[in-house]
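Please keep the sequence and the 3D view at hand while reading.

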Amino acid sequence: MYLRKIRFLFNWVCIFAEIFLVYGLAYGGVHDIADINKRQEQHKKLERKNAEFIKKIKEKIGSRIAKLGIPKPWVSPPKIKTAELPLALQFFPKDSFGYPDWAAAARKNLINPREYIFNPKEAEEEDKEYDKDIIFKLNDDVMPDVLFSHKTHNFWLSCKNCHPSIFIDKKGGNNFDMFDIWRGKYCGRCHGKVSFMPKGIDNCRRCHSK
Ligand code: HEC
Ligand code: HEC
Ligand code: HEC
């Protein structure tokens, strides 16, 4: 008699457990699929936005790029695989093309180059703190304005790296355009060589960020 009651109860417990299990799996599955769909939708939206952006850029400057023989800047730089980077850089934050993002590494305190590059005392004498942000106003319907941060640059560089040989230290005192940068002058003295390239839409947005 007791045995039958226990078996009866046990059966019910099993049925409930199964219902929970099946429901849990099904619900979890649906949830995952909804999540993937949402991410795919966001990705597609971004791709559409980028395609639209590239189209406008080409219309605007495509013919001048061709005439000057500058490599097409809207083509992304070749992606780097983490395994191709030197071991010390494999754990670094990366930009969207897989290259080490030095500025992000500095922000996260993973590196502190000033102390290594300079004798800090000498640095103090030579390079006083100078944090002024410079905005290059473009008034352009496609490209946002450019933010040049002294703070980010002075973290690595001495004033003398830029002033006066690359830039006169006066706002608006340097007459240059994007084509000069692509030909390796002004910002292009470093960007495209020791720092990220002026190539690929995500990189455009790193400078054209305002
Ligand atoms: C990576 C390059 C770079 C470095 C390094 C750099 N600057 Fe500049 N600096 C610029 C640029 C670009 C401008 C804006 C020039 C323009 O508008 O044409 C500028 C402008 C200036 C101006 C003029 C600001 C104004 O409102 O007129 C001063 C002053 C100045 N820098 C001082 C310094 C000092 C001091 C240091 C070092 C602590 C320094 N800069 C390091 C690139 C640099
Ligand atoms: C003397 C070399 C040099 C010159 C000239 C130079 N940069 Fe840089 N720039 C660097 C270095 C080094 C970094 C930090 C490393 C990196 O991010 O690759 C950097 C980083 C940056 C960043 C990333 C900042 C961040 O927080 O992610 C931007 C944006 C930038 N530079 C814009 C400019 C612009 C605009 C100009 C010209 C007006 C310019 N740079 C000229 C060397 C230079
Ligand atoms: C290293 C920083 C940097 C990067 C990366 C960069 N730009 Fe620029 N760009 C500038 C600066 C600074 C100016 C403003 C120059 C001036 O005063 O006219 C500018 C100006 C422009 C202009 C205005 C027209 C002109 O001749 O100056 C266009 C268009 C432009 N950039 C397109 C692009 C595109 C497209 C990309 C990406 C493929 C890109 N830029 C990447 C710094 C950058």
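## A loop residue and the basis of the model

Tyrosine 186 lies in the loop between H7 and H8. Helices (H or I, at least four residues) and strands (E, at least two) are DSSP runs, numbered from the N terminus. The phi of tyrosine 186 is near 50 degrees, which is a positive value in a residue other than glycine. Because tyrosine 186 has 18 C-beta neighbours inside 10 Å, it counts as partly exposed. A residue is buried if 20 or more other C-beta atoms lie within 10 Å of its own, exposed if 12 or fewer, and partly exposed in between, with C-beta atoms placed from the backbone.

This is a predicted model, in which local features need pLDDT of at least 70 and side-chain atom pairs count only at pLDDT 80 or more, while totals for chains, interfaces and linings use all residues. Residues are numbered from 1 along each chain as its sequence is written, and chains are lettered from A and ligands numbered from 1 in the order in which they are written.

## Confidence

The pLDDT is the predictor's confidence in each residue, from 0 to 100. The protein chain averages a pLDDT of 85, and 78% of the residues score at least 70. Among the elements of the protein chain, S2 has the highest mean pLDDT (98) and helix H4 (residues 120-126) the lowest (56). Where pLDDT is low, the predicted coordinates should not be read in detail.

## Overall organisation

The protein chain contains 8 helices and 2 strands. Read from the N terminus, its elements follow the order α-α-α-α-β-β-α-α-α-α. Of the 210 residues in the protein chain, 8% count as buried.

Two residues are in contact if their C-beta atoms, placed from the backbone, lie within 7 Å. Among the contacts in the protein chain with a separation of 6 or more, 40% are between residues 24 or more positions apart.

## Surroundings of the ligands

A residue is near a molecule if its C-beta atom, placed from the backbone, lies within 6 Å of it. Ligand 1 is surrounded by 20 residues, and the closest are Tyr130, Cys159, Cys162, Lys171 and Asn174. H5 and H6 each supply at least two residues of this shell. By class, the shell around ligand 1 has 7 nonpolar, 8 polar and 5 charged residues; Ala, Val, Leu, Ile, Met, Phe, Trp, Tyr, Cys and Pro count as nonpolar, Asp, Glu, Lys and Arg as charged, and the others, Gly among them, as polar.

Ligand 2 has 21 residues around it, the closest being Trp102, Ala103, Cys187, Cys190 and Ser195. Two or more residues of this shell come from each of helix H2 (102-107), strand S2 (146-149), helix H5 (150-154), helix H6 (159-162) and helix H8 (201-207). The shell around ligand 2 comprises 14 nonpolar, 5 polar and 2 charged residues. For ligand 3, 23 residues form the surroundings, and the closest are Pro73, Asp177, Met178, Cys204 and Cys207. H8 gives the largest share of the shell around ligand 3, 4 residues, and this shell divides into 16 nonpolar, 3 polar and 4 charged residues.

## Backbone details

Most residues other than glycine have a negative phi, and most peptide bonds are trans. Asparagine 139, in the loop between strand S1 (133-136) and S2, has a positive phi of about 50 degrees although it is not a glycine. Asparagine 139 counts as exposed because it has 6 C-beta neighbours inside 10 Å. The peptide bond from histidine 163 to proline 164 is cis, with omega near 0 degrees, and proline 164 lies in the loop between H6 and H7.

## The segment after H8

Histidine 208 is found in the segment after H8. The C-alpha atoms of histidine 208 and proline 144 are separated by 5.2 Å, although these residues are 64 residues apart along the chain. Leaving aside its neighbours within four places in sequence, histidine 208 is in contact with Met143, Pro144 and Val146.
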